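Trainee: I would like to learn how to read a protein model feature by feature. Could you take me through one slowly, giving the general idea before each case?

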Amino acid sequence: MKAVVWHGTGDIRLDDVDDPRIQEPTDALIRITRSAICGTDLHMVRGTMPDMAEGTVLGHEAVGVVEEVGDAVRGFTPGERVVVTSTIGCGTCSYCRAGYFAQCDTANPNGPAAGTCFFGGPKSTGPINGLQAEYARIPHAMTTLVRVPDSVSDDQAILLSDIFPTAWFGARLAEVGSGDTVLVLGAGVVGQFAIASAKRQGAGRVIVVDGISSRLDKARAQNAETVNFNDEDPVEIVRELTGGIGPDRVIEAVGVDAEKPGSRTDEQWKPGDAPRQALDWAVELVAKAGSVGIIGVYPPGFDDFPIGAAMNKNLTLRMGNCNHRRYLPQLLDLVLTGAVDPLTFITQHEKTTSAIDAYKSFDLREDGWLKTVLDVA
Ligand SMILES: [Zn+2]
Ligand SMILES: [Zn+2]
């Protein structure tokens, strides 16, 4: 089958690889119909998420059709349409049962202390071959797959694999409540869903900071108040917008690959030249005794956090990898009823054969690129 394979930093290829097969009785095999390229994949390609194994199939977002199920899998039969959760949890350990699917004790082959297990990630997360491929082996299928109703299309379902649950989780981490003023840092596709999630969780106002005007246009279409950090000082403007107090809650949807304000005009511009920029703004801007939810990706070993400033403002900080399975079923309902329309946020459709070029365009944060879906079938 065809798959997007990691060979080294900056070296990914569309390869012919062996078809996956069932390895455990709890596995399923799916034929993928939609996959997607995510900001997290770029961390692996750029090398800001180290420890990748050569030969790993990339990708952790997919919708597909069940091809085959292992002997222990109940509730799924071949032919059914499913969405895959990006993180893998067994569903039975104490962590999964408490809703911490991203800290499952048994899914990660490196052992219970290894942390999150997800598709297409570094060695420390499995590695489990990813979903930018024609077929995939799905471990712990009963918790990793969620059936998609006929009335929800593949394109509507694909952003439920990772993006929407991650954003929803971010708003939960930030403790968004009724009437709160919420600041979302980053207006990429997770930031866009963070706006939608904050509003659904009760936010009174949502302010969004990003450096790309097309992304801010999308945010304004959701009635968010926008600040372009390449045109004005976000610290000054957000303070002004909040009467000098700052937002009650901040959702950090940027991560380690943040760009330095104003650097986009430099010829040497590259993502990640200001790796703690979003954390600094979050802590500096949030109101005293406010709370910050961090869903932007930071790799193990990144230990650069403004803890002193946070301490002296009595902040609540919560963070982590999304427990996708915990939120996916309820978010599927929001899509099913039309309350949230994921199609608004898909800006690019590409064939798998163009995947490598699509990665390059996304990596450069070309204006207008928000979410690239790979039409596998
Ligand atoms: Zn993702
Ligand atoms: Zn578990």
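This is a predicted model: local features need pLDDT of at least 70, side-chain atom pairs count only at pLDDT 80 or more; totals for chains, interfaces and linings use all residues.

Trainee: Let us begin with the metals: which atoms coordinate the zinc ion (ligand 1)?

Mentor: The general idea is to list the donor atoms, and then to look at the angles among them. Here the zinc ion (ligand 1) is held by SG of C38, NE2 of H60, an OE atom of E61 and an OD atom of D162, at 1.9 to 2.2 Å.

Trainee: What geometry does the site of the zinc ion (ligand 1) have?

Mentor: Ideal angles for four tetrahedral donors are 109.5 degrees. The angles among the four donor atoms of the zinc ion (ligand 1) run from 99 to 128°, and the site is tetrahedral.

Trainee: Where along the chain do the donors of the zinc ion (ligand 1) come from?

Mentor: Their spacing along the chain reads C-x21-H-E-x100-D.

Trainee: Which residues are the protein donors of the zinc ion (ligand 2)?

Mentor: For the zinc ion (ligand 2) they are C90, C93, C96 and C104, each giving its SG atom, at 2.3 to 2.4 Å from the ion. The angles among these four donor atoms are 101 to 117°, and this site is tetrahedral. In sequence the donor residues follow the spacing C-x2-C-x2-C-x7-C. Because C93 belongs to the loop between β5 (81-84) and α2 (94-97) and C104 to the loop between α2 and β6 (135-138), this pair ties together parts that are eleven residues apart in sequence. Both are buried, C93 at 10% relative accessibility and C104 at 3%.

Trainee: Now the aromatic rings: how many aromatic pairs does a search of the whole structure find?

Mentor: The search finds six aromatic pairs. To read one, take the distance between ring centres together with the angle between planes. For F164 and W168 the centres are 6.3 Å apart and the planes stand at 80°; planes over 60 degrees apart count as edge-to-face, so this pair is edge-to-face.

Trainee: Why are F164 and W168 separated by about one helical turn?

Mentor: They are four residues apart in helix α5 (residues 163-173), which means that about one helical turn separates them. F164 is buried, with a relative accessible area of 1%, and W168 is buried at 9%. F164 also pairs with F193: their centres are 4.8 Å apart and their planes at 40°, so that pair is tilted. Since F164 lies in helix α5 and F193 in helix α6 (residues 189-200), the pair ties together parts that are 29 residues apart in sequence. F193 is buried, as is F164. Ring pairs join F164, W168, F193 and F345 into a cluster.

Trainee: What lies over the face of F76?

Mentor: A ring may also have a charged side chain over its face. The residue over F76 is R147, at 5.5 Å from the ring centre.

Trainee: Returning to helix α5, how many of its residues are buried?

Mentor: For a helix, one asks which residues are buried and what covers them. Ten of the eleven residues of α5 are buried, so the helix is mostly covered. Among the elements covering them are α6, β11 (249-252), β12 (291-294), β13 (316-319) and α11 (324-336). Just after α5, E175 has a positive phi of about 60°.

Trainee: Which residues are buried in helix α7 (residues 213-221)?

Mentor: In α7 the buried residues include S214, R215, L216 and A219. Their cover includes α6, β9 (205-210) and β10 (225-228).

Trainee: Finally, in which sense do strands β1 and β2 pair?

Mentor: For paired strands, one reads the direction, the bridges and the turn. Strand β1 (residues 2-8) and strand β2 (residues 11-16) pair in the antiparallel sense over six bridges, with K2 opposite D16 in β2. The two strands form a hairpin with two residues between them, and G10 in the turn has a positive phi of about 75°.

Definitions and conventions
Residues are numbered from 1 along each chain as its sequence is written. Chains are lettered from A and ligands numbered from 1 in the order in which they are written. Side-chain values use heavy atoms; hydrogens and water are left out. Rings of Phe, Tyr and Trp (its six-membered ring) pair if their centres lie within 6.5 Å; planes under 30 degrees apart count as stacked, over 60 as edge-to-face and the rest as tilted. Buried means under 20% relative accessible area, exposed over 50%, partly exposed in between (1.4 Å probe, protein chains only). A charge sits over a ring if NZ of Lys or CZ of Arg is within 6 Å of the ring centre and within 35 degrees of the ring normal. Contact means heavy atoms within 4.5 Å. Donors are N, O and S atoms within 2.8 Å of the metal (3.2 Å for Na, K and Ca); water is not among the atoms, so sites may look incomplete. Four donors count as tetrahedral if all angles lie between 85 and 135 degrees; four count as square planar and six as octahedral if opposite donors are over 155 degrees apart and all others between 65 and 115; anything else is irregular. Two strands pair if DSSP finds at least two bridges between them.
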